[in-house]
Amino acid sequence: MKKKWLLVLAVAVLLIAAFSLGVAAQPVSVTFNGERLNFDVQPLLENGRLLVPLRAIAETLGAEVDWIDAPPTVIITRGDDIIKLQPGLEKVLKNITEFNLEAAPQLINGRVLVPVRFVSEALGAQVEWQSFTRTVVILDPASGISTGEKALESLPVVGSFSNLKKLLEEAQPFYTYGGPRRGAFGLDKAEESQSAMKEAAPAPAPGDYSQTNIQVQGVDEADIVKTDGTYIYHVNRGRIVIARAYPPGQMEICSMVEFNDQDFTPQEIYVDEKHLVVIGTSYKEIPSYKEPVIYSEEKIMIYPPPYYLHSTLKTIVFDISDRKNVRQLREVELEGYYASSRKIGSSLYLVANKNIDYYYIMEKGAENPAPSYRDTAVKEEFTSIDYASIRYFPGFTRPNYLIVAGLNLDHPDKQVEVHTFLGAGDNIYASQQNLYATVTGYGSAVSRIPAYDPSTHIYKFALDNGRISYVARGKVPGTVLNQFSMDEYAEHFRIATTSGNPWGGGEDTSRNNIYILDGELNLKGKIEDIAPGEKIYSARFMGEKGYMVTFRTVDPLFVLDLGDPANPRILGALKIPGYSDYLHPYDENHIIGFGKDTMEIVQKDSKGNVINTAVIDLGIKMALFDVSDVHNPVEKFKEMIGGRGTTSDLLHNHKALLFSREKNLLAFPITVMESKSSTGTVPDYGEFTFQGAYVYNLNLSDGFKLKGRITHLTGEDYLKTGRHWYDSSKNVERIIYIRDVLYTFSQGMFKANDLGDLKEINSLLIPGN
């Protein structure tokens, strides 16, 4: 037994030693005005202070360095300033003032190493320590470099393909597929067919109409439907349908915007007074790696050189001053797949991820082309992004490229601004000033080996009229659910995460956390280990308060006080059956939850002992929570819809919700399944009964009151359905209002109903493609 414990102790010591050596081996970089400094003697960490070769720093800052043998003394002179110090002594003299250093200078291999902060600041420079990049940033105030440029320049560049391979050796081996192969002969291009009607259309009517349900006021999000109060713009089967919608008696299609790139698939749009912005995906055909071409004896190529289809994020900007003669202005295309976008005024920001073909680079040694982009405001061709322009985050490398781009629609001749990083962006949050991209990383803590121990890396970018500048990077434990798990308030960033293993137990079980970071993404305050064994299903930040729903068998709604960033607190919690996938503010004291009702199934043995528990989803559940008493939140009203299988786009896409507190209006698309029987106590999976829009009145006195239902299916369609339904062109996807008219949209029809009694006013059939 004693030998066993000695063996365990020895293994533990080795693990700790290995961990310590790994930490100590992580390099520290020093940059001056964005340029990396190289030293002939490695910097030294002493009592938490970084010591660097004095002469290299001093001469970089324009000072002269002299050495006196007896006693060994270094004299640094810059202008009228004279600094004297001695190796081994913590006292230093600047002119006639004596200072105490936090670490004594040291003489190593004929070089004097001194604390980098003291000597830099003593010579008039600014010094910052970036913990996550392990970089000392020294900046000459007279250099004119901005904060954003300083932060960006502090990141090292990839530089070359050989260096990229070295970086990927440190990365987690996510093997990615470069794209479908095809022959040397590309796809044929379809001819452009676009309506070109001559009559001028009336201008949009200002006033009372709904807009896309967004997270942050003033930060627009792309969606499949937009309105300007008179016209409807709809992503419809590979086209954009522009239709006059108001007044409803004059509904008509003005134009069908089609695309000559047959590989282009429009996904979302933005609309303002002058522009229609279409965002979608396309493909760029790129020759494959340098594989040999096989020829016959007659020198006839037998196998054409292989090509790869690389996904691109394409943005097309149109002039919509004449909606019957829409005119294309510009295309911006980024190599990679669409992550997210935001529009703030006339400024458009795009985020793309591009996979790196890890297998071909690391296993075959073939070069995977760096990403490229094009902007027809400058030229039609793609521009390759040089490795010298691609930066990376030391200590965290992913085999992906993160591409962030910005442009101002009011300046059509100004080239798009593109920044490329070795990394990725899984979730995107944006305020009016900053954009945050997060990506999940994995690793194990020494104290819990093996363990599922994910972390979230956060990249912050400042936004300024279409310009983008990298600001900072941070890291917190756990993973992020979606954009609503993040928020910026009073110059602080708040984020909700789930850490640990949702399927684990003991030390590895899941836990939920709130972290508050400052403007440089340094940790300011936190709450950890909330609801062990559960995971976050939804979160919402509202000013100094936060709300979080976790779930395993019941739905705890937590109310959080975030007013003091350094000391966040849990104020109260409410545990009820079911869960909320999305939380939407009603007012400062009430919040609406949309999710599922649930049933817990308990399995017992013959003696009545519980041997297993499970939870099944039932129908959709809406709840209005009263949080005016923050210590005792209550479920004020609730509404159940349908049985097992009932679903709505709203549960995974907040843009599907139409809500107006002023009009007491709440509506969303839904597919309703009704359970007609049960197996024992468990309801059977439901049978299809309805697809369309549910329209409610909602107020604090009466709660949820079903106003009516609107469908695009005919009676004959319902007779044909049987038990199930499918993704039909008649399925309602979005609901909006313009003044006193409610509009519902499917791929096959726009329908207008009176907002008062929901009687149908008119409908517009959309022809197939």
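This is a predicted model: local features need pLDDT of at least 70, side-chain atom pairs count only at pLDDT 80 or more; totals for chains, interfaces and linings use all residues.
## Overall make-up

The protein contains seven helices and 55 strands. Of its 769 residues, 52% are buried. Among contacts with a separation of 6 or more, 56% are between residues 24 or more positions apart.

## Phe393 and its two partners

The structure has 27 aromatic pairs. In one of them, the ring centres of Phe393 and Tyr459 are 4.2 Å apart and the planes meet at 5°, so this pair is stacked. Phe393 is in the loop between strand E27 (390-392) and strand E28 (400-408), while Tyr459 belongs to strand E32 (residues 453-464), so the pair ties together parts 66 residues apart in sequence.

Phe393 also pairs with Tyr470: the centres are 5.7 Å apart and the planes are at 55°, so this pair is tilted. Tyr470 lies in strand E33 (residues 467-477), 77 residues from Phe393. Phe393 has a relative accessibility of 0% and therefore counts as buried. Tyr470 is buried as well, with a relative accessible area of 2%.

## Other aromatic residues

One aromatic cluster is formed by Phe484, Tyr582, Phe594, Phe668, Phe690, Tyr694, Tyr696 and Phe704. Charged residues also sit over rings: Lys284 lies over the face of Phe382, 4.3 Å from the ring centre, and the charged end of Arg661 is over the ring of Tyr586, 6.0 Å from its centre.

## A loop residue

Asp564 is in the loop between strand E40 (555-561) and strand E41 (569-576). Asp564 is partly exposed, because its relative accessible area is 38%. Its C-alpha atom is 9.7 Å from that of Ile516, a residue 48 positions away along the chain.

Notes. Residues are numbered from 1 along each chain as its sequence is written. Side-chain values use heavy atoms; hydrogens and water are left out. Helices (H or I, at least four residues) and strands (E, at least two) are DSSP runs, numbered from the N terminus. Buried means under 20% relative accessible area, exposed over 50%, partly exposed in between (1.4 Å probe, protein chains only). Contact means heavy atoms within 4.5 Å. Rings of Phe, Tyr and Trp (its six-membered ring) pair if their centres lie within 6.5 Å; planes under 30 degrees apart count as stacked, over 60 as edge-to-face and the rest as tilted. A charge sits over a ring if NZ of Lys or CZ of Arg is within 6 Å of the ring centre and within 35 degrees of the ring normal.
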